[in-house]
Amino acid sequence: RVDTTRVEFTISLRENWSLPFLALQITAITCYLRPQLSALQQKVAVWLMYVMTFCFCLTWQFNQFILLVQALVIYTLDCAGFLTTTQVTTLYLTQVSGLLSVWLLQFCNSMLLGSLVLSFIVAALFIRHYQKTLQLKSDEHIFKFIKSKFGLGLTRDFDASLYLCEEAFGLLPLDTLERLAGTLLLYPYALTLLLLGGAMAAAALQNMKRSSGSSPEEKRAAQEAFRPDVAYNLLHTFFYGLLAFSTMRMKYIWTGHMCVVAAYGVCGKEAWTLLLSTLQCNSKILVWLQLLVRYAVPLVMISCLYFKYWPALMAELSELREFYDPDTVELMTWIR
């Protein structure tokens, strides 16, 4: 719980309101990338992506980092041949539309137009060329913070120095992995990432080999060899992990997505198919064995977590009381 949210030890931050919208946005993108969708389902998914992207950008000032990660994921999938041109264009335009809508609602906030993600999508050269003409302000303190954090130069910028002093913007402590392992999350997550990541890499290599001189039918078959929605979430969680390891504050985005990937690995077909195919059993036996494992393993994990955490959770809930801080109340009364 400590690694998935900051609600229990900080005041209600903007990120607490934005994370549900981010989860819904990723769900909408996953649904949009699923194969064999009807035209109506695609339109509904696109509208959901836009609405959730808009709400996410509106409720958190650090939305640009997350959208930049998503844009990099889309670009990587496009290069690897997992997405069609229409899918890539739609995803990019959805992000741009969400950002521009927030830009309008925030009284034409010029910092959004100078953000990294918009520069990456629309074209960095165009933004740089017309930056003086449009009188844009870029997030210079973010650039200075990144340079100082990775030892690329010193900075005297106040905002960047303030970020560097904050513990939340430091590297991810290694005891986080110990806690995640204790909750039985790290092991299925790592195994799923290795198995499906290897399968995705193999599919990407095959797509690259077929890309030159292949017919549209062959390209479509290559894209269906590995589901694009699964590939998107795998790259998503990989980039989220890199972001979390570099900046501890971002782990609250990564750990939530870890739960999704681990649950898909434990309850889905792909990972178990790759594992059980090494047994070289009869196809019927393999199907029944796959069903048995997919239902048995989650039940065993839930039982272990229940006996480990349920008594402590009930004891904690029984001791809950209303929080009262006289100094804070006095300050609020004085402000009024």
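Modeller: Gladly! A salt bridge is a side-chain nitrogen of Lys or Arg within 4 Å of a carboxyl oxygen of Asp or Glu. This is a predicted model, so local features need pLDDT of at least 70 and side-chain atom pairs pLDDT 80 or more, while totals for chains, interfaces and linings use all residues. Residues are numbered from 1 along each chain as its sequence is written, and side-chain values use heavy atoms, without hydrogens or water.

Biologist: How many salt bridges does the rule give?

Modeller: The count is two. In one, Asp229 pairs with Arg227, with the closest N and O atoms 2.6 Å apart. The other joins Asp175 and Arg179 at 3.3 Å, N to O. Those two sit four residues apart in helix H11 (residues 175-182), about one helical turn; helices here are DSSP runs of H or I, at least four residues, numbered from the N terminus.

Biologist: Is Asp229 buried or exposed?

Modeller: Buried means under 20% relative accessible area, exposed over 50%, partly exposed in between (1.4 Å probe, protein chains only). Asp229 is buried at 2%, whereas Arg227 is partly exposed at 28%.

Biologist: And how do I read empty space?

Modeller: Rolling a probe the size of a water molecule over the atoms shows where empty space is left. A cavity is a set of points, on a 1 Å grid over the protein atoms alone, where a 1.4 Å probe fits but cannot get out; lining residues have an atom within 4 Å of a point.

Biologist: Which helix gives the most to the lining of the largest cavity?

Modeller: H4, with three residues. The lining includes Leu91, Thr94 and Gln95.

Note on methods
1 Å grid on protein atoms, 1.4 Å probe; cavity = no way out; pocket = protein on both sides within 12 Å on 5 of 7 lines; lining within 4 Å.
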